[in-house]
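Here is a friendly tour of one loop and of the charged pairs in this model. Keep the structure open as you read.

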Amino acid sequence: MPVVLVPPARLERWVVNFEARHGATSYAVEDGGLRGEAADGSSFVARPPFAATYDAVPDVGALLAASGPPDRWGVLLVRKGGFAVARLEGARMVEHKIGQRHVQGRTKAGGQSQQRFARRRDNQARQAYEAAAEHAARILRPGPLVTGGDRTAVDEVLTDARLSGMRLVEPWLPVPDPRRAVLDQAIADAQSLSVDVTNA
């Protein structure tokens, strides 16, 4: 059952294409989202972003109207090589920071040399996570937080007590090393509807 992220501006076109491929489709509200059941037995369930549930009328337009971003939310992306953090108000980014840190790659040397490289790499990674936590604590405000990158790295950053007011919400974003383009795409993905598709 593939799950696709569909930006709000493209959902109506996505549904039209679904109907064109699978036939006449009936709609119902189910499991916190809008369910579409097509004539050929294929179906989908579209759910709003930010872990919101939908329980209004079975209509695509009504679902879209209920799927806007929160007034205040954030994005935190962390990998060993860097981080990106952004605070948003609705769809508007009001503050962000992107940082890169050099973390030593693995070495093929053995013995004490390998242990020394491992210690240096661990220290560099810890410093990178501390820098990410510092900027996240400065920029973010309590509320929904979409995260991505490397799970271990994100978990490490979120151990900072100053970030205890954040509420983690789906989707998890498996992004590469954070750059501005990666952050922009993550912000778009965070605001997209999650659509579970079952093909007959």
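## The loop around G32

G32 sits in the loop that joins β2 (25–30) to β3 (33–38); strands here are DSSP runs of E with at least two residues, numbered from the N terminus. With a relative accessible area of 19%, G32 is buried. Buried means under 20% relative accessible area, exposed over 50%, and partly exposed in between, using a 1.4 Å probe and protein chains only.

Leaving aside residues up to four places away in sequence, G32 touches R47, P48, A52, T53 and Y54, where contact means heavy atoms within 4.5 Å. A56 is 24 residues from G32 in sequence, and their C-alpha atoms are 9.5 Å apart.

## Where the numbers come from

This is a predicted model, in which local features need pLDDT of at least 70 and side-chain atom pairs count only at pLDDT 80 or more, while totals for chains, interfaces and linings use all residues. Residues are numbered from 1 along each chain as its sequence is written, and side-chain values use heavy atoms, without hydrogens and water.

## Salt bridges

A salt bridge here is a side-chain nitrogen of Lys or Arg within 4 Å of a carboxyl oxygen of Asp or Glu; the count comes to 11. One of them pairs D31 with R47 at 2.6 Å, N to O. D31 lies in the loop between β2 and β3 and R47 in strand β4 (residues 43–47), so this pair ties together parts 16 residues apart in sequence. D31 is exposed, at 59% relative accessibility.

D160 and R162 also form a salt bridge, with their closest N and O atoms 2.8 Å apart. D160 is buried at 19%, whereas R162 is partly exposed at 46%. Salt bridges also link E30, R35 and E37 in a network.

Terms used. Helices (H or I, at least four residues) and strands (E, at least two) are DSSP runs, numbered from the N terminus.
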